[in-house]
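Thanks for coming. I will go through one model this morning, chain by chain, and keep to what can be read from it.

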Amino acid sequence: MRKIGFLGVFFFFLLFTFPFSIRFFWAFSLAPVPYLTPDEFLYPFAGKLYIQGLASGNFSVFKVNAEHPPLSKLITALFTFLLGPLGFSDIGALRVQGCFFSALTCLLAYSIGSRVGRRMGMLSWVLLSLDPVSIRFAVASLDVTSLFFASLSIYMLLRAHPNSCRLYLLSGLILGLATLCKYSAYPIVLGALTLILLGGRTPFRPASLRISLVAASSLVLLVLGNPLFWPPQLIGFSGYSAFLEASSRYTIGPGGICLTPLDWLEPVLKAWNTPHALLYLSMFGLGSLTYPLPIFQSSYLPWLFLASLLQLARRKARLEGLRFKSLLWFSAGFLFFWLLAKSQAEPYYSVWLQPPLAIFSAGSIIDAWRKARR
Amino acid sequence: MEESETIVSAIALPALLLSVLAAARLMGISKRTASIFMTLNATIGLAIFSALTTIPQLSIQALNTLNPEEVVVIMPLIFTFELLSGTYFASRILELDYLRFLKLTLAALSLTLAISVPLCLLVLLFKP
């Protein structure tokens with residue numbers, strides 16, 4: 001393994017400090033308190049409760065906020081215990097956690113981009129560090145913490161040698177940690193891995209072996225790390241039922257919000273001979289043709305992405321390497337939120353799309369700059 | 001989640017996947033190319049329209065305030081726009097034949113509707 005000297009450590013420290021400072025300034029000087037309700041009240045409370053429950057062997061505490069996995073909330077409790085004596089409130093500690101993991105994600109964007117060249121790494125880092133969505137929603141602790149582990153998992157996958165299982169296993173375990181922070185990480189990272197293997201023309205058997213390895217190792221860690229999935233004999237109640245009951249809040253109400261872009265079909269078919277049919281038919285448009293997150297309104301990264309696409313289409317250049325992989329990573333996240341999170345899409349989900357967009361855009365800018373210099 | 005809506009999702013999403021693979025096979029296109037193409041097609045088409053919704057007249061709020069008759073007229077236009085732009089950019093990026101892959105997209109979508117509508121009707125008809 002390559003050794004990192006003092007200068008290297010200092011360089012990485014700077015790469016961490018700059019995005020952390022921006023996020024910290026936003027979270028503590030500009031963002032209203034509370035900013036994301038009820039999350040900012042709920043997660044530190046739940047985290048502390050989980051720690052007390054684990055210490056006393058009372059697993060019923062995991063019924064609180066059971067719709068979300070516990071790891072990020074446990075980390076919040078850790079931050080609360082560490083920073084409480086320094087005068088930070090519970091919300092303050094949660095925000096420091098968000099800023100910390102968001103800044104680490106910027107560092108990862110640098111590391112992923114550096115696989116092509118240091119210039120691309122630096123530009124990816126700059127783009128993500130200054131991205132308004134990533135700064136504003138650094139306080140979304142669950143998503144930001146999960147995104148860090150998910151990005152680390154993708155980084156491992158990109159580094160993994162085709163013939164070695166070790167990094168795939170490690171990537172799966174890190175994906176398990178990401179899933180223990182937020183369940184969305186699982187389909188997004190697995191989707192990205194599947195698309196990257198498909199795009200890389202990996203033969204079916206090795207590709208399915210790698211996907212299974214990552215999926216299985218992350219699932220094992222998810223089950224081991226979330227007491228709700230432990231046997232009822234061990235925790236004294238059916239944790240899975242508690243999880244299902246808590247998750248049932250995320251349903252389709254009588255208002256007719258579509259869960260997937262194809263769910264407009266059901267009310268149309270049910271009401272085909274009534275005057276409501278036309279109204280339900282109109283849900284086709286609302287449900288399937290618009291993106292649930294206003295990504296273009298709040299960040300420059302999607303605009304850079306669009307400009308890169310126009311440039312690519314004009315030149316008819318084949319997309320390869322890290323840029324192609326980051327585009328597939330972006331697609332996995334983008335389509336996941338379009339397909340499955342439509343009814344419950346919160347604006348801060350956009351943070352999931354920013355790291356691949358930053359890497360893709362950095363690659364495109366460097367490519368355009370090289371072409372212009374010739 | 002309501003049971004009937006779960007049923008529609010459970011039918012329509014696999015139907016879309018199978019339709020893409022079937023249409024690709026019929027057209028002699030590899031499954032990998034078809035899968036990657038359809039993924040990029042959907043992503044880029046949606047992303048381009050999402051960018052257009054920053055124009056006030058095309059904003060989500062403006063679209064939501066249209067009456068159903070107007071929506072039924074406008075939405076197919078948006079759908080066509082997303083389809084054509086997504087297909088164009090995805091085929092350029094992947095260096096594929098635009099018209100051939102437009103045919104693939106249309107065939108896959110038609111096949112999805114042909115499979116899922118009768119199935120959903122049947123399921124909803126016999127559902128208590």
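Among contacts in chain B between residues at least 6 apart in sequence, 72% join residues at least 24 apart. Two residues are in contact here if their C-beta atoms, placed from the backbone, lie within 7 Å. This is a predicted model, in which local features need pLDDT of at least 70 and side-chain atom pairs count only at pLDDT 80 or more, while totals for chains, interfaces and linings use all residues. Residues are numbered from 1 along each chain as its sequence is written, and chains are lettered from A and ligands numbered from 1 in the order in which they are written.

Staying with chain B, there are five helices and zero strands, and the pattern along the sequence is α-α-α-α-α. Helices (H or I, at least four residues) and strands (E, at least two) are DSSP runs, numbered from the N terminus. Chain B has 128 residues, of which 38% count as buried. Buried means that 20 or more other C-beta atoms lie within 10 Å of the residue's own; exposed means 12 or fewer, and partly exposed is in between, with C-beta atoms placed from the backbone.

How confident is the predictor? Its confidence in each residue is the pLDDT, which runs from 0 to 100. Chain B averages 83, and 90% of the residues score at least 70. Within chain B, helix H1 (residues 3-26) has the lowest confidence, at a mean of 77, and helix H2 (residues 31-52) the highest, at 91. Chain A averages a pLDDT of 86, with 86% of the residues at 70 or above. Over residues 252-258 of chain A the pLDDT is below 50, although this stretch has 15 contacts in the model beyond near neighbours in sequence. Where pLDDT is low, the predicted coordinates should not be read in detail. For the model, ipTM is 0.88 and pTM is 0.89.

One residue of chain B deserves a stop. Glu95(B) has a positive phi of about 55° although it is not a glycine. Glu95(B) lies in the loop between helix H4 (68-93) and helix H5 (98-126) of chain B. Is Glu95(B) buried or exposed? Glu95(B) counts as exposed, because it has 10 C-beta neighbours inside 10 Å.

In Asn65(A), which is not a glycine, phi is positive, near 50°. Asn65(A) is in the loop between H2 and H3 of chain A. Asn65(A) has 21 C-beta neighbours inside 10 Å and therefore counts as buried.

Next, the loop between H1 and H2 of chain A, where Pro34(A) is found and where Pro38(A) is found. A cis peptide bond joins Val33(A) to Pro34(A), with omega about -5°. Another cis peptide bond joins Thr37(A) to Pro38(A), with omega about 0°.

Now the helix packing in chain A. Helix H1 (residues 6-30) and helix H4 (residues 90-113) pack at an angle of about 140°, with their axes 8 Å apart. Axes are lines fitted to C-alpha atoms, for helices over the stretch in contact, and angles run from 0 to 180 degrees between N-to-C directions. By class, the contact of H1(A) with H4(A) has 15 nonpolar, two polar and two charged residues. Ala, Val, Leu, Ile, Met, Phe, Trp, Tyr, Cys and Pro count as nonpolar, Asp, Glu, Lys and Arg as charged, and the others, Gly among them, as polar. Residues that H1(A) brings to the contact include Phe12(A), Phe16(A) and Arg23(A).

Helix H3 (residues 71-83) of chain A meets H4(A) as well: their axes come within 8 Å and cross at roughly 115°. Among the residues making this contact are Ile75(A) and Phe79(A) of H3(A), and Asp90(A) and Leu94(A) of H4(A). The classes here are six nonpolar, four polar and one charged.

Last, Pro227(A), in the loop between helix H10 (204-225) and helix H11 (232-235) of chain A. Pro227(A) counts as partly exposed because it has 19 C-beta neighbours inside 10 Å. Leaving aside neighbours within four places in sequence, Pro227(A) is in contact with Phe59(A), Phe62(A), Ile235(A) and Gly239(A).

Technical notes. pLDDT is the predictor's confidence in each residue, from 0 to 100.
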